[in-house]
Amino acid sequence: MLTILFDGIAYGMVLFVLGCGLSVTMGLMNFVNLAHGAFAMLGGYVAVQAMQRWGVPFLASLPLAFLAAALVGIVLERLIYRPMYGKSHLDQVMFSIGLVFMAVAGTDWLMGSTQQFIHLPSWLQGRFEIAGVGIGRYRLFVIVICGLLAVSLQWGFTRTRFGSRLRAAVDDARVARGLGIPVNRLFALTFALGCGLAGLGGALGIELMGLDPSFPLKFMIYFLIVVTVGGTSSITGPFFAAMLLGVADVVGKYLVPEVGAFIIYALMVVLLVTRPHGLFTRARA
Amino acid sequence: MRAETFERRVRQALYVARRWHPAEIAFWLLAFAAFLLFPRNLLLLNEIAILALFALSLDLILGYAGIVSLGHAAFLGMGAYAAGLFAKHVGADPLAGLVVGMGMAGLLGLVTSPLVLRGTDLTRLMITLGVALILYELANSFGSLTGGADGLQGITMGPVLGLFDFDIFGRTAYLYSLSVLFVLFLVARRVVHSPFGLSLRAVRDNSLRASASGVPNARRLAAAYTLSAAYAGAAGALLAQTTQFVSLDVLDFHRSADLMLVLIIGGAGYLYGGLVGAIAFKLLQDLIATFTPQYWMFWIGLFLVLFVLGGREIIHGAAKAAAGRLARLGKGAAR
């Protein structure tokens, strides 16, 4: 049982890294980017390609995934995302769904529709036991990495100048702009960071979630839950939401497999219904 | 005294809006004439008619009541499965199946409407999406009833009205679907040009003001949502009956996304948008399928992005200019 819990935490950690970028971009620009999963997929494929084609070691492929996704993110932000900020949520959703469809079909065309696998180095394989709890080495590795990331993100968000500007912009973009904070540049940076994190999460998650061209569609709902439940104003909110989701999903699938993904969707609808206003609509001037 | 003149003016306006424009009559004559004009493409025409009905259903809530939905496939699937199961286990009469499909989907709409009516656009998008996904999972899990991933097989349909058998060329199918579409369109047309329809538009444009002038917002929206769900159910039932097969695909997310694209192409809020959009969408799909049968998803994604980024204004600008010229010919507004 504790082993399942452990797996759930590892899963939740990956979900957090995948989703936290989305929550910040959503809070900052009020922009609904359903295509966030596409960046995660990109990171995953970059990692797989790097390891299989060019023989890059696993640890080095992770930053590569981050950089690739961040780079594509910054370019796309400049080129096609920026005109979308002023449009309605419906338009944004349609737009990003279009992007998702293109990413799914494009990846299918380039890479084929089969599941991708990575070969983990031997020191990350297998599992050991502490006090009767089976702990997968790779999962422990994921938890450590993501935990470090979460702590440093939290630190950056609350303690640095960048973080305080970001928080100011999230709270009220107009006033922040009036105070001379370069909101647009801030947003581009944050967007790139969020995409990079998604890419990293995608690379880390290959072993846990699998990777195939339908990844952005399959996990879209997970990111959305993380963001809706966790709120968009902090790092801790999405973090706990991701944990909750990860544990609930793994435990649910393990104990009652026939229900499948049903639990997750029901959870989302219930949460949205019980807290319809505290989730997306932040008090904005 | 003033209230009376006001009421008369409203009646007058509604009456004028209800009058048939010559272009509308021509549109429907053409739709029925297509049966004779394109005898080889009846299956495609049937698909267009069903998609048009589905789009009409979304237009009712999106264009008139301003409710956004990313999960309209839930009602399509509900109607399709209800009609399919009805035909399989109860009776083969198509019209009875159609009524059952509409009823079940409408019921689902009524039950889920309290969920949808809360919150902002974004919450609505997520909730409708969630409901559709839940239904998909349910249909997948209850394989003994729905056939799961294999689809619902073994549906046999009786003749329509006891007279017209379904054939492999889609002759009966097209006329059946088109007739249902036409009848439901007439109903929808009457509804949106009634005081009820006016109040929906009032809620859409300014819900606070509408409720201040005595419109029971929540109940009106729930009614519109239920009606729209029943329409989508009718489309699903037609799909199940004319193809005699129901698969999980009817509940899939891409159905809802396709539908959005249809309405974006055709434009929402004047009933014909869904119909025109459905024609354009299916022809486009057919055309692209001849070039690249795979990767249709890529093209639909590209169209979505391009439309939202600005193509919509261009197309609708051109369409409006053309419609303006037509209106001057026919005298009287097309809306």
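Predicted model: local features only at pLDDT ≥ 70, side-chain atom pairs only at ≥ 80, totals over all residues.

What share of the 285 residues in chain A is buried?

Author: Buried residues make up 49% of them. A residue is buried with 20 or more other C-beta atoms within 10 Å of its own, exposed with 12 or fewer, and partly exposed in between, the C-beta atoms being placed from the backbone.

First, some ground rules. Residues are numbered from 1 along each chain as its sequence is written, while chains are lettered from A and ligands numbered from 1 in the order in which they are written.

Now stay with chain A. It has twelve helices and two strands. These are DSSP runs, numbered from the N terminus: H or I of at least four residues for helices, E of at least two for strands. Read from the N terminus, the order is α-α-α-α-β-β-α-α-α-α-α-α-α-α. The radius of gyration of chain A is 19 Å, close to the 19 Å of the globule rule for 285 residues, so chain A is as compact as a globular protein of that length. That radius is taken over C-alpha atoms, and the rule is 2.2 Å times the number of residues to the power 0.38. Along its principal axes, the C-alpha trace spans about 55 × 45 × 35 Å.

Next, contacts. Two residues are in contact if their C-beta atoms, placed from the backbone, lie within 7 Å. Take the contacts in chain A between residues at least 6 apart in sequence: 77% join residues at least 24 apart.

Chain A also touches chain B. The contact takes 39 residues from chain A and 33 residues from chain B. On the chain B side, the largest share, 13 residues, comes from H6(B). By class, that side has 23 nonpolar, seven polar and three charged residues. Ala, Val, Leu, Ile, Met, Phe, Trp, Tyr, Cys and Pro count as nonpolar, Asp, Glu, Lys and Arg as charged, and the others, Gly among them, as polar.

One residue shows the meeting up close. Leaving aside neighbours within four places in sequence, Leu304(B) is in contact with Met94(A), Phe95(A), Ile97(A), Gly98(A), Phe101(A) and Leu261(B).

Chain B has a mean pLDDT of 82, with 93% of its residues at 70 or more.

Key. pLDDT = per-residue confidence, 0-100.
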